[in-house]
Amino acid sequence: RHFYAIDDLLENDWRWRTTSPLRISYGHDVELAWLVQDAIGMLGDPPERVRSHVLGLIDHALRFGFDHRRGGLALAGPPLGQARFAWYLGADRLIKRWWEQAEMLVATLTAYELTRDARYLIAFERQFDWVWNHQLDHDQGDWFEMTDRRSGRSLTDIKGNDWKEPYHGARALMEASRRLGRLLGQSDRQTSLRQPKSVRNA
């Protein structure tokens, strides 16, 4: 059984799309996974209720869309099979956009919290390295919208548009900080108190 999030599933008139190959959105895979896990926690339901679905979505992205050598998550791919070989889905499928990279940080930590499987922690470290070295603009601030999958070179100088907003990046960093704090045995309050005052008051 496979779990994945389909990109552009419907036509403009709400009919099922049948005329083009299905594109799986790896970013939606991993974002949906950790949001569902958080929702179950908020409801007080046992995590086992959605565990297989949560890990299925994250594992799908890790298996088919994740760059295990460099870090970074591809934009899209086929339902089954490596994104890098799915040439029929267009060259843009391999671009590494800011929001998919942000959501992957949280998802890998979520999977590690659930399983304590070291491969998820290794994936988080690879992902963090990619984000830190290529996706963040350390000179001008914010995240680069799109980067080349190999070199990490930014493909645009635009920092904002109708679709690029701050919540993916900011939320991911806060959620990653919270999860890392839990893994280190700190409460959410302790994690907050250890942050610089300027960050807590922002």
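User: Why is H53 called partly exposed?
Analyst: H53 has a relative accessible area of 34%. Buried means under 20%, exposed means over 50%, and partly exposed is anything in between (1.4 Å probe, protein chains only), so H53 at 34% is partly exposed. One caution: this is a predicted model, where local features need pLDDT of at least 70 and side-chain atom pairs count only at pLDDT 80 or more, while totals for chains, interfaces and linings use all residues. Residues are numbered from 1 along each chain as its sequence is written, and side-chain values use heavy atoms, with hydrogens and water left out.

User: Where does H53 lie, and how far is its C-alpha from that of Q37?
Analyst: H53 belongs to helix 2. Helices are DSSP runs of H or I with at least four residues, strands are E runs of at least two, and both are numbered from the N terminus. Q37 sits 16 residues away along the chain, and the two C-alpha atoms are separated by 9.4 Å.

User: What makes the span of helix 2 agree with expectation?
Analyst: The expected span is 1.5 Å times one less than the number of residues. For the 14 residues of helix 2 that gives 20 Å, and the end C-alpha atoms are 20 Å apart, so the two agree. Helix 1, with 18 residues, reaches 26 Å, close to the 26 Å expected. Helix 5 (167–183) has 17 residues and reaches 24 Å, close to its expected 24 Å.

User: Which residues of helix 2 are buried, and what do they pack against?
Analyst: V54, L55, G56, L57, I58, H60, A61, L62 and F64 are buried. They pack against strand 2 (23–25), helix 1, helix 3 and helix 4, where contact means heavy atoms within 4.5 Å. I58, for one, is in contact with V30, A33, A107, A111 and Y120, leaving aside neighbours within four places in sequence.

User: What makes something a nonpolar core, and which elements give two or more residues to the largest one?
Analyst: A nonpolar core is a set of buried Ala, Val, Leu, Ile, Met, Phe, Trp, Tyr and Cys residues joined through side-chain atoms within 4.5 Å. The largest has 24 residues, and Y26, I58, L62, L73 and Y120 make the most contacts inside it. Helix 1 (26–43), helix 2 (51–64), helix 3 (98–115) and helix 4 (118–135) each give it two or more residues. Helix 2 gives the most, with 7. There's also a second, separate core of 13 residues, L105, V106, W143 and A176 among them.

User: Is I95 buried or exposed?
Analyst: Its relative accessibility is 17%, so I95 counts as buried. I95 lies in the loop between strand 3 (76–77) and strand 4 (96–97). Not counting residues up to four places away in sequence, I95 touches L73, A74, L75, M146, T147 and L155. A74 is 21 residues away in sequence, yet its C-alpha is 5.8 Å from that of I95.

User: Why does D142 count as partly exposed, and what is its phi?
Analyst: D142 has 40% relative accessibility, so it counts as partly exposed. Its phi is positive, about 70°, although it is not a glycine. Most residues other than glycine have a negative phi. D142 lies in the loop between helix 4 and strand 5 (146–147). R116, in the loop between helix 3 and helix 4, also isn't a glycine and has a positive phi near 60°.

User: How do you know that a pocket is a pocket and not a cavity?
Analyst: Both are sets of points on a 1 Å grid over the protein atoms alone: in a cavity a 1.4 Å probe fits but cannot get out, while a pocket is an open set with protein on both sides within 12 Å along at least five of seven lines. The second largest pocket holds about 240 Å³. Lining residues have an atom within 4 Å of a point; this pocket has 15, and F66, D67, R70, R84 and R149 are the closest to its centre. The lining divides into 5 nonpolar, 4 polar and 6 charged residues, with Asp, Glu, Lys and Arg counted as charged.

User: How much of the whole chain counts as buried?
Analyst: Of its 202 residues, 43% count as buried. The chain has 7 helices and 5 strands.

Definitions and conventions
Points joined across faces, edges and corners; volume = space filled by probe spheres on them.
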